[in-house]
Amino acid sequence: MLISLLLTLLAAPYPESERHLLDESLEKYEMNRRVRDAAVEAGLEELDANDLMIDMKSTTSFPPTRCEVEYWKRKGFDLCGFLKGIRDFVDDLPFSKKRRLRTHAELAEGYSQLYQVTQRNVLLWMSACKDPETSEWLIRSVETLMKQPMKTDEDLEHLQTWFVALGHNGSDKALDVLFWLQSAETWQSELPIQIQIKGLSPEFIEAEILDLRYAALKGIAFSGSDRALHAFATGEGIAEDMKCICAELFGMAAHAHFGIYCISSFYSQDAADPEVEGNLQAIYAKYGMDYSEKERYKEPDKRVF
């Protein structure tokens with residue numbers, strides 16, 4: 001089965017050139033060493049711990065694939081236990097890598113940061129833990145974060161990442177929170193999240209609220225759950241002003257059901273696993289949805305996400 005081959009191709013080990021770059025970043029960033037040392041304490045050899053860090057730092061926009069998670073489980077590593085163990089110092093990590101790089105010094109620093117583990121990396125991997133304790137921790141953390149005013153674009157970006165992680169974790173209680181957040185009624189009276197970015201006009205605040213609601217929907221989709229599939233196929237429980245993107249969200253949810261989050265990569269260069277693709281077609285047929293993803297993702301101008 002091709003999925004077994006993907007387990008070998010998509011996960012560690014990594015070439016020496018990439019390890020060399022990681023070694024340099026370990027010398028430069030103490031927090032990288034703390035994450036690596038925690039992995040060693042959790043039972044990995046140092047070489048494997050470095051490969052895990054490369055896996056983690058590569059996860060920036062989507063949760064880790066099922067292949068990546070299964071790779072470490074097959075090695076007998078308690079991935080969830082390791083991630084729980086580093087929660088105490090997650091806040092000490094930078095949230096994400098710098099985006100706007102202008103000078104040569106900034107470019108050099110930005111290149112080095114490609115090998116710096118961030119809060120975003122850890123959160124997206126932590127969402128792969130499906131145990132009840134982790135789910136409760138994610139919910140409590142989101143609720144605490146929502147009580148704090150959002151004063152910068154980075155604050156909003158941070159919160160959106162938490163929504164995606166919460167949804168990917170996929171507990172019923174987590175999905176309850178996200179369904180509540182995507183609802184238009186939730187935002188009509190006392191706002192659940194205060195946006196206090198200096199100089200932001202009411203129109204832009206409305207746009208930011210839409211982004212937060214969309215992030216909640218994306219989190220629901222990344223759960224890959226039957227509940228998400230039903231909601232996006234039927235529109236039940238989805239805000240009226242968001243139903244126009246239900247087909248897009250159903251596609252996210254259907255692929256997430258099989259551990260696929262970056263859909264364009266799945267269909268690139270005819271690499272899609274025929275068995276998984278057959279299962280996807282069955283999911284679409286079950287819910288009466290039109291499966292045309294393979295054709296759509298071969299045409300870049302028609303891609304939605």
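In the predicted model, Tyr291 is located in the loop that connects helix H16 (274-286) to helix H17 (293-297), helices being DSSP runs of H or I of at least four residues, numbered from the N terminus. Residues are numbered from 1 along each chain as its sequence is written; because the model is predicted, local features require pLDDT of at least 70 and side-chain atom pairs pLDDT 80 or more, whereas totals for chains, interfaces and linings use all residues. Side-chain values rest on heavy atoms, with hydrogens and water left out.

Tyr291 is classed as buried because its relative accessibility is 16%, the limit for buried being under 20% relative accessible area (1.4 Å probe, protein chains only). With residues up to four places away in sequence excluded, Tyr291 touches Tyr267, Glu277, Leu280, Gln281 and Tyr284, contact meaning heavy atoms within 4.5 Å. Its side chain forms polar contacts with those of Tyr267, at 2.7 Å, and Glu277, at 3.3 Å; such a contact is a pair of N or O atoms within 3.5 Å, in which, within protein, one must be able to donate a hydrogen and the other to accept it, and residues adjacent in sequence count only if both atoms are side-chain atoms.

The largest nonpolar core comprises 88 residues, of which Leu52, Phe82, Leu83, Phe163, Leu181, Ile193 and Phe232 touch the most other members. A nonpolar core is a set of buried Ala, Val, Leu, Ile, Met, Phe, Trp, Tyr and Cys residues joined through side-chain atoms within 4.5 Å. Helix H12 (residues 202-222) supplies the largest share of this core, seven residues. Apart from this core lies another, of five residues, including Leu124, Val164, Phe222 and Tyr261.

Key:
Helix = DSSP H or I, 4+ residues; strand = E, 2+ residues; numbered from the N terminus. Buried < 20%, exposed > 50% of the residue type's maximum accessible area, 1.4 Å probe, protein only.
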